[in-house]
Amino acid sequence: MNDREKRLQGPGRVKEVTSLSNPIVKDIKALQLKKHRDEQKAFMAEGLKLVIDALELGWSMTTLIFAKSARGNPLIEKTAARAVASGADVLEVSEKVLGAITRRDNPQMVVGIFKQTMLPLDKLKPAGTDVYIALDRVRDPGNLGTVIRTADAVGAKGVILVGDTVDPFSLETVRATMGSIFAVPLLKSSAGEFLFWREKINALVVGTHLRGSVDYRSVDYSGRPVILLMGNEQQGLPDPLANGCEKLVRIPQEGRADSLNLAVATGVMLYEIRRSVLPDGGY
Ligand code: SAM
Ligand code: CO
């Protein structure tokens with residue numbers, strides 16, 4: 001018996017699955033729907049690099065799925081062994097099953113199922129040069145994923161989801177984060193909780209608004225933590241949230257566009273806020 005056969009015979013950790021009607025596959029496919037992600041408190045992330053990064057960062061993986069054609073790939077075999085050791089189920093599946101799980105024609109060779117992590121806002125105490133991004137009712141999965149990725153890039157400490165937002169654990173959002181979903185803590189609050197919390201912390205709460213009274217470049221973001229508050233894609237910040245900001249800034253625009261895309265505006269703000277903190281790379 002070779003190693004692989006031993007594993008297949010072992011405590012049943014590595015299972016070979018080729019049928020779409022296999023109940024484990026059905027459970028995993030169900031993760032495409034928010035309702036089932038909520039039930040299982042789980043989500044799916046695609047790609048070997050993402051899975052390895054997630055494990056490095058200490059995320060707990062419940063299931064590792066890899067393509068039969070990846071058999072013999074040393075890095076994938078190593079990751080599978082590591083997954084088995086950590087108590088995860090490991091499934092070796094056909095291309096067809098992998099495509100159905102991820103709804104892709106050319107699926108990645110590896111998919112991991114992870115436990116969702118979302119923290120409540122009330123215990124959070126920003127300090128030093130911490131930056132957090134608060135998103136008011138963000139609607140678009142691509143925007144949310146892009147903001148999480150950008151938050152990671154500038155070294156922000158977390159993204160706060162305010163009010164009723166799109167699910168950060170949808171496949172579309174996770175894809176758009178390019179792995180940063182595993183690096184950036186997510187917090188959740190209602191608008192009311194956010195306004196209550198912001199009174200208790202010592203931080204600059206800066207909102208962005210098309211009718212903001214100051215140019216975003218004229219504000220001093222140094223010296224204390226910053227909470228950057230961004231408005232909903234359609235409606236912008238509602239008055240109660242706008243009034244809860246110490247500063248309301250505007251990014252100047254020319255041309256015909258009414259506004260910037262939410263994720264682009266967040267990127268512009270974050271690089272200004274982090275200007276003095278991010279290393280200059282020694283150019
Ligand atoms: N129709 C919305 C409005 O009237 O506010 C536009 C919302 S915009 C697409 C989404 C969010 O991005 C805004 O709520 C704001 O937080 C930010 N944003 C976009 N362009 C901006 C600008 N030029 N100045 C300040 N914030 C901006
Ligand atoms: Co169900």
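Student: What percentage of the 283 residues in the chain do buried residues make up?

Tutor: Buried residues account for 48% of the 283 residues. A residue is called buried under 20% relative accessible area, exposed over 50%, and partly exposed in between, with a 1.4 Å probe and protein chains only. The model is predicted, so local features need pLDDT of at least 70 and side-chain atom pairs count only at pLDDT 80 or more, while totals for chains, interfaces and linings use all residues. Residues are numbered from 1 along each chain as its sequence is written, chains are lettered from A and ligands numbered from 1 in the order in which they are written, and side-chain values use heavy atoms, with hydrogens and water left out.

Student: What makes up the chain in terms of helices and strands?

Tutor: The chain has eleven helices and 13 strands. These are DSSP runs numbered from the N terminus: helices are H or I with at least four residues, and strands are E with at least two. Along the principal axes, the C-alpha atoms fill a box of roughly 70 × 40 × 40 Å.

Student: Why is Asn 232 called buried?

Tutor: The relative accessible area of Asn 232 is 6%, and the limit for buried is under 20%; Asn 232 therefore counts as buried. Asn 232 is found in the loop between strand E12 (226-230) and helix H10 (239-243). Not counting residues up to four places away in sequence, Asn 232 touches Asp 136, Arg 137, Arg 139 and Leu 237. Contact here means heavy atoms within 4.5 Å.

Student: How do you know whether Gln 234 is buried or exposed?

Tutor: Gln 234 lies in the loop between E12 and H10. Its relative accessibility is 62%, and exposed begins over 50%, so Gln 234 counts as exposed. From C-alpha to C-alpha, Gln 234 and Asp 258 are 11 Å apart in space and 24 residues apart in sequence.

Student: Why are H2 and H6 called roughly parallel?

Tutor: The axes of helix H2 (residues 23-30) and helix H6 (residues 95-102) cross at roughly 30 degrees and come within 8 Å. Axes are lines fitted to C-alpha atoms, for helices over the stretch in contact, and angles run from 0 to 180 degrees between N-to-C directions. Angles under 35 degrees count as roughly parallel, over 145 as roughly antiparallel, 65 to 115 as roughly perpendicular, and the rest as oblique. H2 and H6 are therefore roughly parallel to each other.

Student: Which residues meet where H2 and H6 are in contact?

Tutor: Val 25, Ile 28 and Lys 29 in H2 meet Val 97, Ala 100 and Ile 101 in H6. By class, this contact has five nonpolar, no polar and one charged residues. Ala, Val, Leu, Ile, Met, Phe, Trp, Tyr, Cys and Pro count as nonpolar, Asp, Glu, Lys and Arg as charged, and the others, Gly among them, as polar.

Student: What makes Asn 261 partly exposed?

Tutor: Asn 261 has 37% relative accessibility, a value between 20% and 50%, so Asn 261 counts as partly exposed. Asn 261 is found in the loop between E13 and H11. Asn 261 and Leu 64 are 197 residues apart in sequence and, C-alpha to C-alpha, 35 Å apart in space.
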